[in-house]
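Let's take a walk through this model together, going from a pair of helices to a sheet and then to a ligand site. Have the structure open as you read.

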Amino acid sequence: MSLLSVLSNGELPLAVKVNDLSITYRTTFERKPTLKQALIRFGRGQRAVREVEAIKNISFDVRTGTAMGIIGSNGAGKSTLMRAMAGILPPTSGSIEVWGRASTLLALGVGFNKNLSGRENIVLGGLAAGLSRREVEERADEVAEWTELGDFIDMPMRTYSSGMSARVEFSVAVHMKPDILMIDEALSTGDAQFREKANAKMAELRDSARAMFLVSHGLGSIKQMCNEAIWLDKGKLMMRGKPGEVVNAYMKFVKVKKSAAAMEDI
Ligand SMILES: Nc1ncnc2c1ncn2[C@@H]1O[C@H](COP(=O)(O)OP(=O)(O)OP(=O)(O)O)[C@@H](O)[C@H]1O
Ligand SMILES: [Mg+2]
């Protein structure tokens, strides 16, 4: 932290600025006719378009030194927001500015080639992160070692359990030295021993990276690892604040929703 410049007004410089961001997925698909219709008409389904507004007019900025937790229900838009900040998804409207190099798509678990081994994917991950061939070669063995996967590291990743894949994903994310570290649920499938190791690594990196984003359903980790949090629901930014406060508000919301659903059942 001592190396960072402080602005004249005493504030730390920005690491990420998200301005009125909206992201809409547009998917075309073939509406399947019912079996009966299909038999009568031998028809093909009609083409239909479905739009999902995954992120709706979100704005926030993140200063250097922030470890930002992102929480919310399944489908709330957390991974979409992370992919947009990593530069993988273009905004439908609004803008995102990132100061420095963000984790790449491999670190977000969407770019692995399952037919290649863990070690080969680590090499690809390094190249995708912009490291030179030499840097990657120097670092790949260390990263592979860090996963503690033993002989499995040279087996195709399609033979891995989800926790084993998560180990490779996490290792790539933390060893490529991004300025903006992004971790999306990598810990959810890790076992207790790996989780502890990963938590220690994250704490170490949190202090050296410019900013960190952690998406997790483990609300305990959010409180433990982060100094700020945002809560998304159906693409909207519901709250930003201290992790404890945001987690409490989210839990209260989930409970209210659950009891409302229970009432409907009666
Ligand atoms: N590639 C895609 N194409 C179309 N729709 C998508 C795509 N990815 C996500 N969506 C939709 O966008 C919305 C937000 O999804 P997203 O993956 O960002 O949620 P999430 O908060 O990460 O959920 P989870 O906690 O389950 O990981 C969902 O309604 C989802 O169906
Ligand atoms: Mg997600």
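Start with helix α4 (residues 133-146) and helix α5 (residues 162-175), whose axes come within 9 Å and cross at roughly 135 degrees. Here axes are lines fitted to C-alpha atoms, for helices over the stretch in contact, and angles run from 0 to 180 degrees between N-to-C directions. Helices (H or I, at least four residues) and strands (E, at least two) are DSSP runs, numbered from the N terminus. Angles under 35 degrees count as roughly parallel, over 145 as roughly antiparallel, 65 to 115 as roughly perpendicular and the rest as oblique, and α4 and α5 are therefore oblique to each other.

This is a predicted model, in which local features need pLDDT of at least 70, side-chain atom pairs count only at pLDDT 80 or more, and totals for chains, interfaces and linings use all residues. Residues are numbered from 1 along each chain as its sequence is written, while chains are lettered from A and ligands numbered from 1 in the order in which they are written.

Next comes an open sheet, where five strands follow the order β5-β6-β3-β7-β8 with mixed pairing; two strands pair if DSSP finds at least two bridges between them. At its edges lie β5 (180-184) and β8 (236-241), each pairing on one side only. β5 runs parallel to β6 (residues 211-215) over five bridges, and L181 has M212 in β6 as its bridge partner.

Finally, look at ligand 1: the residues surrounding it include Y25, N74, K78 and T80, where near means a C-beta atom, placed from the backbone, within 6 Å. α2 gives the largest share of this shell, three residues.
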